[in-house]
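I opened this chain today and kept notes as I went. Here is the structure I worked from.

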Amino acid sequence: MFDRETSSIPCNLCQSTDVDVIARKDREGKPLQTVMCRHCGLIWTDPRPAPKEIVHFYSKSYRREYKNIVRPKKKHVYRDGLETIKRHRFFQTVAREGDTLMDIGAGNGVFVYCMRQLGFDAKGVEPDEDFARYAREALGIPVITGFASDIKKTEHYDLVTLHHVLEHMTDSLAELRHLWRLLKQNGHLIIEVPNAEDILQAPGNRYHKAHIYTFNPETLSALLTRAGFSVVTMRVAPYNGNISAIFQKKDEVWDNNTLNQNGNYAKMVRFFKRHTPIRHYTSPIPYTKLFRNLSAALREWIAIREFHEDKAMLNAVVSKYLDTRAR
Ligand SMILES: [Zn+2]
């Protein structure tokens, strides 16, 4: 089905260089080679941009090129507020009011702002200068400009959150080990990433250069196990196809022998055989997705009309959530 090659970058999970080339173009049709490890099924971009290029990309041009924005639009702030509520619902069983929280790749800071409104001692780190400034100045919250590696090793948190960040990290294992050190004993790491087995996404829309790795539930849990975490909960959200997971820091240092990926590569190959463009576009999925997006856009337009200030809008989102919980 795919061309077999030797990758220039060894697999971050199992060190193998035996790969299949699964795509040669990104979702905009530009050249981008994506490979899958024939041993464990991990997917990555090969060749990879140089480290300097990556730092520049995230600090200067990522949001502009990728999302075409400099300052968050009102509707994006609102959407991120609603997303924060969904995320809190997901991890609330392991989070208590007053917990210290560090959000890596905080973006516009809406998540940190809402978590603070919910009683958490939340902070963030964000490489994009404009977004970090917006978080500090417009939302008035502690978000530093930088990467996870800029957080002092002496700081320790109850919760660390990585929402759509892990797939952008060049050496995900090394980064996760850094986060392991930042967590308190038995602290929790909350991760959300796109799913390599997402059937809501058209096959041609899967890959782009900002995503260095693409995980499925098996490769994600294997990576976290190697980094010294145990899986508490993992789910694939039916509304957006993403993987959401809660991991707990284990007492002992990471164990390299726990990796067992038997069958995951074969599972991924079966997925790619099944999920073809023809099958995707002749299924109801893209049309129900379009309908859902349109009705959400309408509801959003109605909901945000009355607000002139971002903080007031987010406070209303949080109050509504607290009201429904109190009932
Ligand atoms: Zn591998």
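My entries follow, from the whole chain down to single residues.

**Ground rules**

I am reading a predicted model, where local features need pLDDT of at least 70, side-chain atom pairs count only at pLDDT 80 or more, and totals for chains, interfaces and linings use all residues. I number residues from 1 along each chain as its sequence is written.

**Entry 1: the whole chain**

I looked up the secondary structure and found 10 helices and 12 strands. Helices here are DSSP runs of H or I with at least four residues, strands are runs of E with at least two, and both are numbered from the N terminus. I then checked the radius of gyration, which is 20 Å, close to the 20 Å that the globule rule gives for 327 residues, so the chain is as compact as a globular protein of that length. That radius is taken over C-alpha atoms, and the rule is 2.2 Å times the number of residues to the power 0.38. Along the principal axes, the C-alpha atoms fill a box of roughly 55 × 50 × 40 Å.

Next I checked burial. Buried residues make up 38% of the 327 residues. A residue is buried if 20 or more other C-beta atoms lie within 10 Å of its own, exposed if 12 or fewer, and partly exposed in between, with C-beta atoms placed from the backbone. I also looked at contacts between residues at least 6 apart in sequence, and 66% of them join residues at least 24 apart. Contact means that the C-beta atoms, placed from the backbone, lie within 7 Å.

**Entry 2: α3 and its two partners**

Two packed helices are described by the angle between their axes and the distance between the axes. I started with helix α2 (residues 74-91) and helix α3 (residues 110-117), which pack at about 50° with axes 9 Å apart. That angle makes α2 oblique to α3. The axes are lines fitted to C-alpha atoms over the stretch in contact, and angles run from 0 to 180 degrees between N-to-C directions. Under 35 degrees counts as roughly parallel, over 145 as roughly antiparallel, 65 to 115 as roughly perpendicular, and the rest as oblique.

Which residues make the contact of α2 with α3? From α2 I noted Val77, Asp80, Gly81 and Thr84, and from α3 Val110, Phe111, Cys114 and Met115. By class, I have 5 nonpolar, 2 polar and 1 charged residues. Ala, Val, Leu, Ile, Met, Phe, Trp, Tyr, Cys and Pro count as nonpolar, Asp, Glu, Lys and Arg as charged, and the others, Gly among them, as polar.

Then I turned to α3 and helix α10 (residues 310-326). Their axes come within 10 Å and cross at roughly 50°. α3 and α10 are therefore oblique to each other. In α3, Val110, Tyr113, Cys114 and Gln117 meet Leu314, Asn315 and Val318 of α10. This contact has 5 nonpolar, 2 polar and no charged residues.

**Entry 3: α6**

Is helix α6 (residues 217-226) mostly covered or mostly open? It is mostly covered, with 9 of its 10 residues buried. Among the buried ones are Leu220, Ala222 and Leu224. The cover includes α5 (172-182), β9 (183-193), β11 (229-236), β12 (243-249) and α7 (264-274). After α6 comes Gly228, with a positive phi near 100°.

**Entry 4: the loop between β4 and α1**

I found Pro47 in the loop between β4 (43-45) and α1 (51-67). A cis peptide bond joins Asp46 and Pro47, with omega about 0°. Pro49 is in the loop between β4 and α1 too. Pro49 has 15 C-beta neighbours inside 10 Å, so I list Pro49 as partly exposed. Leaving aside neighbours within four places in sequence, Pro49 is in contact with Ile54 and Lys209. Pro49 and Ile212 are 163 residues apart in sequence but 9.1 Å apart in space, C-alpha to C-alpha.

**Entry 5: positive phi outside glycine**

Gln15 has a positive phi, near 70°. Gln15 lies in the loop between β1 and β2 (18-25), and counts as exposed with 10 C-beta neighbours inside 10 Å. His164 has a positive phi near 55°. His164 sits in the loop between β8 (157-163) and α5, and counts as partly exposed with 15 such neighbours inside 10 Å.

Terms used: Two residues are in contact if their C-beta atoms, placed from the backbone, lie within 7 Å.
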